[in-house]
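Please open the model in your viewer and keep the selection panel at hand.

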Amino acid sequence: MTPPRARVLRWTLASALLWLALLACREVPEPHPEAPQLPAATNLLMLVSDTLRADALSCYGGEAVTPAICSLAERGTLFEVAYSAAPWTLPSAVTLFTGAPPGRYQRPGDPGRGTENLYRVPGQEVLLAEVLAERGWLVQRRVENGVAAQGNSLQGFADTRYSAARAREARARWGRELAFEAEDPRYDRVWWLLERLLESPEPQQPFFYLHWLQDPHAAYRPPDHLQRRLEFGPRRLPQDLDFYLGLGHRNRPEKGRRKIREVGPDLSPAELELVRDLYLREVESVDERVGAILSALERSGRLDDTLVLFTSDHGEALGEHGNFLHGVSLQEELVRIPILLAGPGVPPGTRVRTPVAHRDVVPTLAAAVGVAQSALTTADGGRDLRELANSPELQPPMAVHLSSPDRLQEEAIVLGDLKLIARSDQSVSLYDLAQDPGEAQDLASSRPEETERLLQLLRRARADSRPVVRGDEDAAELERAARETEQELRAIGYID
Ligand SMILES: [Zn+2]
């Protein structure tokens, strides 16, 4: 039991925090006069791992062995409580690359094609990648999940063309040196970046590289060398290993693939444990790829002047709240993602407990390379995470808004330890995440004042998320976007 005085103090602090946040909610404060001037970065390296829950990583208390990703926490700062804007790829990517809430770019889709709503960032918006490309930077990307590109938020990045044959050649040349020799098509997909780093041009041009890894997105099929850690034999499960390796978004029994949303509720605890183990081993395979990238960056001699950001686009339900996969709720397992930052101006070995969000990513990257927020047309509600890491005491609390207006009839707001979920049927739930991280105990009726204050924050965030149209969209463009998005969603198994 918490002593009564401590509880009163906590209440008082929580109450003061709420009022402060009401004043400060996503209205970005002027830099504090005492805030230190931070050194600039020359290059940016952004790594995104699709569907990676923060609590899988060892430095977030998880069971996956992830020394490479977690080395960023030693060399830089780990944000313990970080949120994506939405629980699935498309709206999440919109916020990650614009710094704006996804609702601003929501557009009508085509229900006949399985896309009731789309996200479309108009071409005339000015994004960070475009500004840097204009300034002569090498701005290149490979995004393995085609859905992430469907919001048109990757404007400014040149898509790399890199053949499998070239990847094999690069692996033969540098694989041993990087201890990265696995013959796996998924591993081969990062070789474009390894080669760029290892053969950086002279004179050195500043770069902004983005690599978006598809893993650990379902199906959870870790590479063979990591499957060996599973000890499948002694588990004595009712199906053979291929059955569990085939669980994912698709339902094609003839090909050994089953939809985990259909099969999941009937899995035994031992089977569920195997599914979680498969997911964790796939996370370890992501770590091996990140390790190779960081190693190549170090060999390039550009480690010290490169700001590295590692994150994920959303989490994954592995049976929590009866759910599997993602996109189905705003509960913690679907929106808590890692954010790790290392490089110029980032304090090493630091852990930040203040909740942060993907909306802070673009302002952070922009500030690090000297691009004023006023040069960007979309990033208006985030803050520089380097400043937060250096002087958390100078930063006012900021609420985090979660939504997926295309799919969910609910929105959420997080402030400190409190999280409020409001549904379209007017029902609300309030959770104290410090006491109840599994969101099992609804406190809305027992703490009405805090519930009302968070509802006020939510109304503000909602007003900030209204669709904006910049005037260059036409029906043919949206029709083409709907068609392309349908193809991508079908390819990944989201539409049958
Ligand atoms: Zn995703």
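**A sheet, then a helix**

Begin with the open sheet of four strands, whose order is β17-β18-β19-β20 with antiparallel pairing; two strands pair if DSSP finds at least two bridges between them. Its edge strands, β17 (400–403) and β20 (428–432), each pair on one side only. On average, neighbouring strands of this sheet are turned by 15° against each other, direction ignored; axes are lines fitted to C-alpha atoms, and angles run from 0 to 180 degrees between N-to-C directions. Strands (E, at least two residues) and helices (H or I, at least four residues) are DSSP runs, numbered from the N terminus.

The model is predicted: local features need pLDDT of at least 70, side-chain atom pairs count only at pLDDT 80 or more, and totals for chains, interfaces and linings use all residues. Residues are numbered from 1 along each chain as its sequence is written.

Select β17 with β18 (residues 410–415): four bridges join these antiparallel strands, and L402 stands opposite A412. A hairpin links the two through six residues. In β18, five of the six residues are buried (20 or more other C-beta atoms within 10 Å of the residue's own, C-beta atoms being placed from the backbone).

Finally, select helix α3 (residues 89–98): ten of its ten residues are buried, so the helix is largely enclosed by the rest of the structure. Its buried residues pack against β5 (115–119) and α13 (361–368), contact meaning C-beta atoms, placed from the backbone, within 7 Å. G99 follows α3, with a positive phi near 80°.

Key
Buried ≥ 20, exposed ≤ 12 C-beta atoms within 10 Å, placed from the backbone. Contact = placed C-beta atoms within 7 Å.
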